[in-house]
Each structure stands twice: as structure tokens, then as C-alpha cells.
Amino acid sequence: MAPRPPKAALQESVTFKDVAVDFTQEEWYHVAPAQRILYRDVMLENYSHLVSLGYQASKPEVIFKLEQGEEPWISEREIQRPFCSELG
């Protein structure tokens, strides 16, 4: 008897936060101009793809900023970074 293929794992919906990269003002200062353009293009494209797949949450502030040509950094307190106990 041939082995059975594994059952598909339950998939969760992807959110914009799952694919977004956030920068503080200080971090954004260190991003080169060409990298800023690439960041803008990739973030807008990712959001566009999610919308085309039925993503229905409100438009993230970073997308508004990028569409208006504003700097997309957010305050330090708004960024939710994973905590690694090995570093602390």
C-alpha cells in the first residue's frame, strides 16, 4: 500500500501585520534612499495583493503615509517586537 500524503494543516488568514515591516524614526533615518523606494513599492504591493484576496480590514496608517509620500516611521511605543528572553 502506498503511503498516504499528509493532511493539509489548518491555515489561518494572513493579515497585513504578518507581512509588514515597521520602522522607528531613528531606524528610518538609517535606511538608504534606494531602500526607502523599495520598501514603499513592496509594502504597497503587499497591501494590494491582500486586498485582491479579500482582505477587508481598514487601511493601515503606514499605507496612507506611503500613498501620500510621507515618511512611514512609527513611534517606538507603537512597534510590537517579539521579546527574546535570551537577549534580556
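E61 is partly exposed, since its relative accessible area is 48%, in a model that is predicted. The side chain of E61 forms a salt bridge with that of K65, at 3.6 Å from N to O. Both residues belong to helix α4 and stand 4 residues apart, about one turn of the helix. An α-helix has 3.6 residues a turn, so residues three or four places apart point the same way.

K65 has 16% relative accessibility and therefore counts as buried, the cut-off being under 20%. A further salt bridge joins the side chains of K59 and E67, with 3.0 Å between N and O. K59 is partly exposed at 30% relative accessibility, and E67 is also partly exposed, at 40%.

Side chains of opposite charge can pair when their charged atoms come close.

Both partners are partly exposed: R36 has a relative accessibility of 24%, and E71 has a relative accessible area of 43%.

W28 is part of helix α2. Is W28 buried or exposed? With 5% relative accessibility, W28 counts as buried.

Apart from neighbours within four places in sequence, W28 is in contact with F23, R36, Y39, E71, P72 and W73. W28 and E71 are 43 residues apart in sequence, while their C-alpha atoms are 8.2 Å apart in space.

## The two sides of helix α3

Helix α3 covers residues 33-52, which makes 20 residues. From its first C-alpha to its last, α3 reaches 29 Å, close to the 28 Å expected at 1.5 Å a residue.

Which residues of α3 are buried? They are Y39, M43, L44, Y47 and L50. These residues lie on the same side of α3 because they cover an arc of only 125° around the axis. They pack against α1 (16-19), α2 (25-29) and α4 (61-67). On the face turned away from the buried side, α3 carries the exposed residues A34, I37, L38 and S52. After α3 comes G54, which has a positive phi, near 105°.

How values were computed: Residues numbered from 1 in each chain as written. Predicted model: local features only at pLDDT ≥ 70, side-chain atom pairs only at ≥ 80, totals over all residues. Heavy atoms only, no water. Expected span 1.5 Å × (residues − 1). Buried < 20%, exposed > 50% of the residue type's maximum accessible area, 1.4 Å probe, protein only. Arc of directions from axis to C-beta. Contact = heavy atoms within 4.5 Å. Salt bridge = Lys/Arg side-chain N within 4 Å of Asp/Glu carboxyl O.
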